[in-house]
Amino acid sequence: MSDTLTLSEFPPVSTEQWDEVVRKDLKGDPKTKLYYRAEDLRGLNYLCSAPGEFPYTRGARGDNAWRIREVVHDPATARAALDAGADEIYLVLGGQNIDDMLKALPHCDVHFEAGDRAAEVLEALSRAPVSSGSVDYEPLADFDRAARFVRAIHTPNFRPITIRANRFPENGATVVQELAFAIAEGVEIIAQLTDRGVAPDDAAQSLAFWFAIGPNYFLEIAKLRAARTLWSRAVASFHPAQAGSAKMTIYARTAHWTKTIYDPYVNLLRSTTEAMAAAIGGADAIQVGAFDETYRQSDAFSNRLARNTQLILRQEAWLDRSVDAAGGSYYLESLTDSLAREAWTLFQGIEAAGGFLKCYESGSLERDTAKSRADREAAVATRRTTILGTNQYPNPQERMLEKIERQDPAPRPARIFEEIRLRTERHAAAPGHTPRFLLLEAGDLKMRKARSGFIANFFGCAGFECQVSESLTGDPDVVVLCSSDPEYAALAPRVIQELRDAGKSTPVAVAGNPADSIEQLKQAGVAEFVHVRSDAVSALSAWQERLGVRD
């Protein structure tokens, strides 16, 4: 593969041709500007800065050489990961002896996930320091000890304190909340450390931020740009001696919140766009979660796919060769500025309420996050937010019950649909059978095809079997009429009577919401109306209960 990138193989395209395509996409809307110029972004002072310059919106470095991070559990897998292309390791510490572990680890950047043992790790590192890395230590419970750790082991390339901003979106917080809460926590820590005699530069440089990267591609790129902008502004208020102390160190991980049990290979696509957003957004290190992490311990194959995702983005997409690729885009610059403004306003509200620690201990942050989580989960339940393969376009032949090796305790919006579908699988294996839905097409060709497709997709999310037919055949558990609204008034009573004459009490549902005949159809015996405004979770759960599908 050539290192010289040219466009000679593509035919030339004139500006007029591009304009025509844009006008077509905009449907000729005269109110929409075709061009944005410098004056449209007036007031965004950071546009005058280069990557690596204050306020670091465009990047904390002059290059985009992010580091590929891989999760390991022992020195042997750490060496294997480094040999396979990882640049640094994220060591999940269990019950191992820490001193022995430090001696056996290969020479590289080491980031420790130690949980309750984080302070113990820092004590060990004060005796045997590593050159670069971090520890998932949060000092909120004991700032005196945190100040001692910062003085003892802080070096330019080691971060003893990690602000786990990822815990906010992984529990349902919005991007604005994630940014504001992270900045507020960072400011709280710096203020507490400087009150204990730590220099502002040392306090700021002892912190790293860990962000989760979600599915909203452009929003996540803008989020990391806004995060650096906000943090530089916050640190500057402590008057550090060096401007570089205001640089934010960002560790990014593909979000667990977005992943699914069903159709798990779609997780590879989700992780790829998330990793790409992190790279373009200027993360310092990126960790890609394995596609099967929701239902089993990841193996060598899934870890390899996760690692290779970044290798492809680096070595084939060449994303490391472009610094701040988003820079200059009107949409992304405006989005960056909007996020920064909204997050700063929320941050100021937290400060006015007494600061991060007070709000955190009072539960106000948790309550705000819970509300955002409820809103996001409701959007999934009603399918306003699509989760491919889970609440839209499921694979009806897929079975995952026997593949689940461990329970995933982390919150995920897909979980509510997964629980419904796993309930169906357990019922079928009880022994029982998978409920069968007959989609009875009649009348208007266009409407019946559209509605039978909608119904198959809808009930497929619960793992129900759906068969399309133009006549009553077999012995289905439910019959769903798929036709046009005007035709239901005659169709429904005829089908229901035919079933009753055959001695069957099979429930009959209607695809759609025929407002003019709903009461008439209910009186005729129609059990339910399934349409685009239906709450899928409530409807599917109700049908399971009606059909005896229970845990």
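On a 1 Å grid over the protein atoms alone, a pocket is an open set of points with protein on both sides within 12 Å along at least five of seven lines, while a cavity is a set of points where a 1.4 Å probe fits but cannot get out; a lining residue has an atom within 4 Å of a point. Grid points are joined across faces, edges and corners, and a volume is the space filled by probe spheres set on the points.

The model is predicted: local features need pLDDT of at least 70 and side-chain atom pairs count only at pLDDT 80 or more, whereas totals for chains, interfaces and linings use all residues. Residues are numbered from 1 along each chain as its sequence is written, and side-chain values use heavy atoms, with hydrogens and water left out.

**Exercise 1.** Describe the largest pocket and its lining.

*Solution.*
Step 1. The volume of the largest pocket is about 1,200 Å³.
Step 2. Its lining consists of 42 residues, and V71, E113, R253, Q287 and E293 lie nearest the centre.
Step 3. Helices (H or I, at least four residues) and strands (E, at least two) are DSSP runs, numbered from the N terminus. Two or more lining residues come from each of β1 (67-72), α2 (75-84), β2 (88-92), β6 (207-213) and α10 (300-315). The largest share, 6 residues, belongs to α10.
Step 4. For the classes, Ala, Val, Leu, Ile, Met, Phe, Trp, Tyr, Cys and Pro count as nonpolar, Asp, Glu, Lys and Arg as charged, and the others, Gly among them, as polar. The lining of the largest pocket then has 17 nonpolar, 11 polar and 14 charged residues.

**Exercise 2.** Determine which helix gives the most to the lining of the second largest pocket.

*Solution.*
Step 1. The second largest pocket has a volume of about 630 Å³ and is lined by 30 residues. P215, N216, W257, T258 and R376 lie nearest its centre.
Step 2. The elements that each supply at least two lining residues are α6 (175-195), β6, α8 (217-236), α9 (266-281) and α13 (364-381).
Step 3. Of these, α9 gives the most, with 5 residues.
Step 4. By class, this lining has 16 nonpolar, 7 polar and 7 charged residues.

**Exercise 3.** Characterise the packing of α9 and α10.

*Solution.*
Step 1. Two packed helices are described by the angle between their axes and the distance between the axes. Axes are lines fitted to C-alpha atoms, for helices over the stretch in contact, and angles run from 0 to 180 degrees between N-to-C directions.
Step 2. The axes of α9 and α10 come within 10 Å and cross at roughly 45°.
Step 3. Angles under 35 degrees count as roughly parallel, over 145 as roughly antiparallel, 65 to 115 as roughly perpendicular and the rest as oblique. The two helices, α9 and α10, are therefore oblique to each other.
Step 4. Contact means heavy atoms within 4.5 Å. In α9, L268, T272, A275 and M276 meet L305, T309 and L313 of α10. The residues of this contact comprise 5 nonpolar, 2 polar and no charged.

**Exercise 4.** State how many cavities of 30 Å³ or more the structure holds, and describe them.

*Solution.*
Step 1. There are 2 such cavities.
Step 2. The largest cavity holds about 70 Å³ of space. It has 14 lining residues, with R58, G59, N64, G282 and D324 closest to the centre. Here α9 gives the most, with 3 residues.
Step 3. The second largest cavity holds about 40 Å³. Its lining includes R69, Y90, H111 and W210, and β4 (133-137) gives the most, with 3 residues.
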